[in-house]
Amino acid sequence: MTRFWLQESWRAGAVLCVALFFGVIFGHNGTFLFLGLLAYFAWHAWRLRRLARWLIYRNEAEPHFGDDIWGEVFYQIQRRKTRARKRERRLKAMIRLYRESSAALPDGAVILRADNSIEWMNEAAADMLGLRHNDAGRRIDNLVRHPEFVRFLHAGDYEDALEFASPVVEDRTMEIHIVPYGNEQRLLVTRDITRLHRLEVMRRDFIANVSHELSTPLTVISGYLESLIGRSGQSERVEAAFEQMRQQAERMTHLVNDLLQLSRLEIDDAHETETEVDVAAMLRGLVTDASMMGRQRPHEIVLEADESVVLRGVSKHLYSAFANLIRNAAQYTPVGGRIEIRWYGDRGGACFEVKDTGLGIPASAIPRLTERFYRVDTGRSRAVGGTGLGLSIVKHVLRNHQGNLQIESAPGKGSTFSCVFPGERVMLRDGRQCALL
Ligand code: ADP
């Protein structure tokens, strides 16, 4: 580049010298100097114009500037243009490849902007959601009007996936995930889970049917056993055998009842009537039962329940969840331990809490507690008559009430199980919603 600046300086110098030379000869220094400079700038302006036209208009012929500063500027611009064109070609090929591969995906993908309008979608998403290609740019909540989908999209909590019936094909079930990314953009992924859903329904129906079929013969067996126990003239061995059979039949009945309840809860029966549940009164009854149950294993049970806090929900399900937690506290707390039961509301909603001074649970076991049949100590759980399904029931009841279960525990120190309910389910006695307080 320095070479061209030097060359240009020589050229400017030469123009000045020639202008001065003629100025001296004709006695008009200023005029010739002015004319020389004018010619010099006109020459540059002409070259600049050719370069600008070539840059602006596509059809303009390539200017040939020769081996000077303008030639060098032209060469550098052209080099950059060629590089940019190559980069653009590479990028276009990459985008084409990406579009072709995502179009071939069996899962649907939709890119959503911050205002829920569609930026881009693949074939599978269009098929599953019943969209057309010219729907790009339109708001997805105006096109897919399924209430559950609209609620999910607007809720902004995308941790869990949404399962819903396809708006296009009957009997097709879809799963939707939303992943936020970039500048307030979201990737919506749809997956056809019809087969999985059918299998899940089959599994649920199977468990419900088996449990139902087992409950009648079990009732008969238990009835006969009850009448056989304590009959006169029976040997001690026979009596002990009957007693053991009765205990096992009772255990099986509990198991079958818990399985039946779990399958009903899993179906999330929308027909179950929700009422305004007086939790404090419910807990008083439960505490009385627990105290009776704990006659052989006495504990100090303390109840602190806010009478004014009322919960909207399915009374029998809530009863079952709270009873399971209180029963667990009583069963896994040694004699003389203390159990504190609290029910209170706050700005965020309401909380049912059971705190015991019992055995406690190792940290590694806590995430698995709500799995079916999971027990920290199988022998101990069986000995106290546990089915291993209690906390699964609690989890499902809470899920159906949009609540969540929090567990804090340390081995040897005790455990605290808290059921947290959202504000929209909680009311105060005067009818105001807790969330509005
Ligand atoms: P189970 O019918 O065996 O009690 P749950 O589902 O109710 O089944 O509980 C699962 C396991 O969690 C229990 O087997 C027990 O090991 C543990 N657990 C539940 N509650 C408590 C508690 N309050 N203290 C200590 N361990 C508990």
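The protein is divided into four parts: domain 1 (2-99), domain 2 (105-192), domain 3 (196-267) and domain 4 (275-436). Between the C-alpha centres of domain 2 and domain 4 the distance is 38 Å. The model is predicted.

**Ligand site**

- The ligand is surrounded by 18 residues. The closest are N328, Y332, S381, T387 and L391.
- The side chain of N328 has an N or O atom 2.8 Å from an oxygen atom of the ligand.
- The backbone takes part as well. An N or O atom in the backbone of G388 is 2.9 Å from an oxygen atom of the ligand, and for a backbone N or O atom of L391 the distance to an oxygen atom of the ligand is 2.8 Å.

**Helix α12**

- The buried residues of α12 are G390, L391, S392, I393, V394, H396, V397, L398 and N400. L391 is therefore a buried residue of α12, and L391 is also listed among the residues closest to the ligand.
- Which elements cover the buried residues of α12? Among them are the helices α8 (236-267) and α10 (315-331) and the strands β11 (404-410) and β12 (414-422).
- Q402 follows α12 and has a positive phi, near 55°.

**Aromatic rings**

- The count of aromatic pairs comes to 14.
- One of the pairs is F22 with F26: the ring centres are 6.4 Å apart and the planes meet at 15°, so this pair is stacked. Ring centres must lie within 6.5 Å to pair, and planes under 30 degrees apart count as stacked.
- How are F22 and F26 placed along helix α1 (residues 2-26)? They are 4 residues apart in this helix, which means that about one helical turn separates them.
- F22 has a relative accessible area of 35% and is partly exposed.
- Ring pairs join F22 and F26 with F21 and F32 in a cluster.
- A lysine is found over another ring: K81 lies over the face of W54, 4.5 Å from the ring centre.

- R11 is part of helix α1. Is R11 buried, partly exposed or exposed? With a relative accessibility of 27%, R11 is partly exposed, because this class lies between the buried limit of 20% and the exposed limit of 50%.
- Beyond its neighbours within four places in sequence, R11 is in contact with Y40, W43 and D68.
- In sequence, R11 and Y40 are 29 residues apart. In space, their C-alpha atoms are 9.0 Å apart.

**Positive phi angles in loops**

- E184 is not a glycine, yet its phi is positive, near 55°. The residue is in the loop between β4 (173-181) and β5 (185-192). E184 is exposed, with a relative accessible area of 57%.
- F373 is not a glycine either, and its phi is positive at about 65°. F373 is in the loop between β10 (349-356) and α11 (378-383). Its relative accessible area is 41%, so F373 is partly exposed.

Methods
Residues are numbered from 1 along each chain as its sequence is written. This is a predicted model: local features need pLDDT of at least 70, side-chain atom pairs count only at pLDDT 80 or more; totals for chains, interfaces and linings use all residues. Side-chain values use heavy atoms; hydrogens and water are left out. Rings of Phe, Tyr and Trp (its six-membered ring) pair if their centres lie within 6.5 Å; planes under 30 degrees apart count as stacked, over 60 as edge-to-face and the rest as tilted. Helices (H or I, at least four residues) and strands (E, at least two) are DSSP runs, numbered from the N terminus. Buried means under 20% relative accessible area, exposed over 50%, partly exposed in between (1.4 Å probe, protein chains only). A charge sits over a ring if NZ of Lys or CZ of Arg is within 6 Å of the ring centre and within 35 degrees of the ring normal. Contact means heavy atoms within 4.5 Å. Domain bounds come from an automatic or database domain assignment. A residue is near a molecule or strand if one of its heavy atoms lies within 4 Å of it. A polar contact is a pair of N or O atoms within 3.5 Å; within protein, one must be able to donate a hydrogen and the other to accept it, and residues adjacent in sequence count only if both atoms are side-chain atoms.
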